Amino acid sequence: MPDPRTPSYATRTPLHEQHLDGFGTVRVLPLNAAEDAGVIHRWVSEERAAFWGMTELTRDQVEAVYAHMETLDTHHARLVVKDGEPVALLQTYEPGADRVSECYDVEPGDIGVHLLLAPAGARGARPGWTAALAGALMAYVLLGLDRTRIVVDPDIGNEKAIARFLRQGFTAGPAVVLPVVDLPDVHLPEKKAQLAFLRREVAFPA
């Protein structure tokens with residue numbers, strides 16, 4: 001009998017699907033905590049993902065985190081697949097229901113985004129690869145979800161992520177301190193973050 005936790009990417013109905021010439025087909029899938037915990041655990045366990053804050057978690061703990069997220073209406077996790085292979089973890093959230101709302105003035109139409117890219121793999125870095133993938137994800141978030149502005153809050157020390165967002169057209173906002181969250185189901189330590197914003201008309205001018 002097949003393992004019920006084996007990922008079944010091809011059988012999931014995508015939330016967004018986009019073919020990019022010279023790049024491939026990008027599909028945004030609902031994340032299945034039980035099936036996808038293995039691949040997500042491999043990604044978040046690497047030192048390169050230290051800013052994600054999950055390097056010490058076991059596979060089962062990772063599954064529990066995303067199983068809890070599946071119960072929320074305000075925070076969502078998505079697995080991004082390119083040509084059938086998982087390449088990123090995308091999390092979206094309502095800023096008004098998140099601690100970031102204590103650090104900036106939330107506008108109607110705002111949506112928060114966290115993005116974790118998979119390791120480059122044996123082929124190493126590929127020029128233009130991240131920009132192409134990010135373009136498809138911005139189309140999903142801003143057009144597919146009909147939002148007017150993305151807000152991101154990378155760790156102030158994550159210079160690579162900050163630079164990547166700015167290259168994608170984001171405008172830097174203030175450096176802020178996200179407060180501690182200490183709830184029965186969620187604990188998040190204080191975080192020094194660099195806010196950045198991307199408006200739909202900038203990403204997709206008429």
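E107 is partly exposed, with a relative accessible area of 30%; in this analysis, partly exposed denotes the range between buried (under 20% relative accessible area) and exposed (over 50%), computed with a 1.4 Å probe on protein chains only. The structure is a predicted model, in which local features require pLDDT of at least 70 and side-chain atom pairs count only at pLDDT 80 or more, whereas totals for chains, interfaces and linings use all residues. Residues are numbered from 1 along each chain as its sequence is written, and side-chain values use heavy atoms, with hydrogens and water left out.

E107 forms a salt bridge with R199, and the closest N and O atoms of the two are 3.0 Å apart. A salt bridge is defined here as a side-chain nitrogen of Lys or Arg within 4 Å of a carboxyl oxygen of Asp or Glu. This pair links distant parts of the chain, 92 residues apart: E107 is located in the loop between strand 4 (85-93) and strand 5 (110-117), and R199 in strand 10 (residues 191-199). Strands (E, at least two residues) and helices (H or I, at least four residues) are DSSP runs numbered from the N terminus. R199 is likewise partly exposed, its relative accessible area being 30%. Both residues belong to a network of salt bridges that links E107, D110, R149 and R199.

Across the whole structure, 13 salt bridges were found. Among them, the side chains of R12 and E35 meet at 2.9 Å, N to O. R12 lies in the segment before strand 1 (16-20) and E35 in helix 1 (residues 33-45), so this pair ties together parts that are 23 residues apart in sequence. R12 counts as buried, at 11% relative accessibility, and E35 counts as buried at 15%.

A further salt bridge is formed by E17 and R27, whose closest N and O atoms are 3.6 Å apart. Because E17 lies in strand 1 and R27 in strand 2 (residues 24-30), the pair ties together parts 10 residues apart in sequence. R27 counts as buried, with a relative accessibility of 15%.

Strand 1 and strand 2 run antiparallel and are joined by 5 bridges; two strands are taken to pair if DSSP finds at least two bridges between them. Within this pairing, H16 stands opposite V28 in strand 2. In total, 8 strands form an open sheet of mixed pairing, in the order 1-2-3-4-5-6-10-7. Its edge strands are strand 1 and strand 7 (171-178), each of which pairs on one side only. On average, neighbouring strands of the sheet are turned by 25° against each other, direction ignored; the axes are lines fitted to C-alpha atoms, and angles between N-to-C directions run from 0 to 180 degrees.
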